[in-house]
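Hi,

Here is the structure I said I would pass along. Have a look at it first, and then read on for my notes.

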Amino acid sequence: MGSATAATVALAGISALGAYVNAKFHVVQDLKVRRRKQQALKWYRDLVQQNRLSLWYAFAAQSYKHSPALCIWSREQTYSWQETHDRAAQWAQFFLAQSVRPGDMVATYLMNSADFLVIWLALWCIGCAPAMLNYNLKGKSLVHCLRVSGVKIVLVDAEAECAERFAGVVDEVRNELLVVPLTVSAALKREIEAREVVVPDDSYRDGVVGASPTCLLYTSGTTGLPKAGMYTVGRFHERGNPENLAFGQKPGPGGDRWYCCMPLFHGTGGLSCVGALTSGLSCAVGRKFSVSTFWNDIADSEATVFVYVGEAARYLLMAPKHPMEKRESHLRLRAMYGNGMRPDVWQRFQERFGVDEVIEFFNSTEGVFGLVTHSTGPFTRNCVGHHGALLRNALKDVYVPVSVDPDTGAVLRNPATQMVKRNSYNEGGEILVNVPSEAVFAGYYNNPAATAKKFEKDVLRKGDLFYRTGDALRRDDDGRWFFLDRLGDTFRWKSENVSTAEVSEILGRYPGVAEANVYGVLVPKHDGRAGCVALRLEEGIERFDFDAFLTYAREQLPRYAVPVFVRLVKESSRTDNNKQNKAPLRDEGIELERFGEKVAGGRADRVLWIRPGGQGYERFDEDALGVLRAGGVLL
């Protein structure tokens, strides 16, 4: 063999070995992630040096480049990039006239609209930010959120139901909180549009730093009053240079357009849209999520990416076939972006609707622990993130899975060493994140007590500090991260921990089941919580074989995880952001006389149970409940 031939063979062997190593350990992917992070850090340092951290500058630069092209689409209003810029400048001048000053926040009690995004940009223009209230809140919760924000002004949607809810607290808001409510009416918008287009000078934005808010977000408040979390400017800039877009996105005319009908007051919806606008990507805004209008909006807006949250994909999958859902009706659509896609929905959704790319991320309002996967094939289907060998090694003592007492919420520790018991990544558990100081978490706004509970000290060694995510995940040997459960949802039965998310996924795959919402219920004269599943069947099913369903559950699940109770529901229990809401179901439990107190329409729900000694699910009624209360049977 000649030397040239030998060299060629050797080179081919090295190339093949390199390809194998990369395929197995995903080295190139990890190096790209590292390089992107380094570039983002450099970009951020340059902005600090130039005093250009305000996100208004990022948007303004894009508006100059794409001036006449469509910027924001909605059924009610469309704006070009120039019109969006000019309207934001007019709103900025209006806010200044209302004595809003740099560093202030203005509360928004607004439904989705093109003007919501314009108002957000206007506040950035003067060094301010919105405190984004859930427009479904009323009474005590609404007043609480306004009080926490410390705002002087709240913008109220003119929509009749919003106005009615706000009217119920308006006297308290005005007289006790001293907050001025302003209705975003047609008349007010005409007043804004009549103003001269003058962009306030740089001095209004000079005080914006990394710790400044891009917005104030609120938790759902399903287990108490909502907590407020600041999404900081520094965190926003972690994306890096908007000229270097991820996920193959293309800015400008003919480029990507993001469609969002998820609530803009929520981080996923709102931040996706302003993230797009500050990157030269146009937006399409749906008034609210509706399975009947979703595909019309996708087609008419010519969207390429849509935003989803929670069970939105499931509800679209459950809906009857829509004439616009076929790929030929939405030729530009290529991807969906969001969080909460369930494994029992993921593949079926892609196959039915022809969406090739799923960009699933895992994060929270607090945002200390974040993952994302750009899934274009089966390897990353159903996972919320992926790390190759380099990142796994680098993060082995940064992301740490641990066990938690489901009753107290306390992290379990070794009695001898008092250090935290670390789980294997395959086993998973609540993820604790090693942090240098408490400063990495912006904290719950005006709530230091709740902030303090997010940290755990002396975890792996004396003196260390970890952030508690409140979420349980596991990571397999290939580096794929999978969501397990939310802290507080996991319950304990027969001395075993039951993950509601895992049981829901398995039961949700059974033919005829549209949705399975699993939670633990208190049972009289018993310790722990027994499993219950709120079962919503597919439309048109008149007979459902519960014996076969139970057989399936017993084959797929450990005995302790098989639901003892089944609550048959007509409607899903969900939050305002399309996530399963277990709190009202858990609160009513199996107390039949309370059905309907917390669960809308729940009075008519039927309950089945596995009676001790019984062979299958049978009717659970007042007599059966009485036997349990009297201690007559033991489950």
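Below is what turned up, starting with the helix packing and moving on to rings and charges.

Keep in mind that this is a predicted model.

Helix 3 (residues 55–65) is largely enclosed by the rest of the structure, because 8 of its 11 residues are buried. Among the buried ones are Leu 55, Trp 56, Tyr 57 and Phe 59. The buried residues of helix 3 pack against helix 4 (81–97), helix 5 (114–125), strand 7 (213–218), helix 10 (233–236) and helix 11 (267–277).

On to the aromatics: searching the whole structure gives 39 aromatic pairs. One of them is Trp 124 with Phe 236, an edge-to-face pair with 6.0 Å centre to centre and 80° between the planes. That pair links distant parts of the chain, since Trp 124 belongs to helix 5 and Phe 236 to helix 10, 112 residues apart. Both Trp 124 and Phe 236 are buried. There is also an aromatic cluster made up of Tyr 259, Phe 289, Phe 294, Trp 295, Phe 306, Phe 349 and Phe 353.

Two arginines sit over rings: Arg 480 lies over the face of Phe 379, 4.5 Å from the ring centre, and the charged end of Arg 574 is over the ring of Tyr 315, 4.1 Å from its centre.

Last, Asp 605, in the loop between helix 19 (583–588) and strand 26 (606–610). With a relative accessible area of 12%, Asp 605 falls under the 20% cut-off and so counts as buried. Its side chain makes a polar contact with the side chain of Arg 567 at 2.9 Å. Beyond its neighbours within four places in sequence, Asp 605 is in contact with Arg 567, Leu 568, Val 569, Lys 570 and Phe 595.

Cheers

Definitions and conventions. Residues numbered from 1 in each chain as written. Predicted model: local features only at pLDDT ≥ 70, side-chain atom pairs only at ≥ 80, totals over all residues. Heavy atoms only, no water. Helix = DSSP H or I, 4+ residues; strand = E, 2+ residues; numbered from the N terminus. Buried < 20%, exposed > 50% of the residue type's maximum accessible area, 1.4 Å probe, protein only. Polar contact = N/O pair within 3.5 Å; in protein donor to acceptor, adjacent residues only side chain to side chain. Contact = heavy atoms within 4.5 Å. Phe/Tyr/Trp six-rings, centres within 6.5 Å; stacked < 30°, edge-to-face > 60°. Lys NZ or Arg CZ within 6 Å of the ring centre and 35° of its normal.
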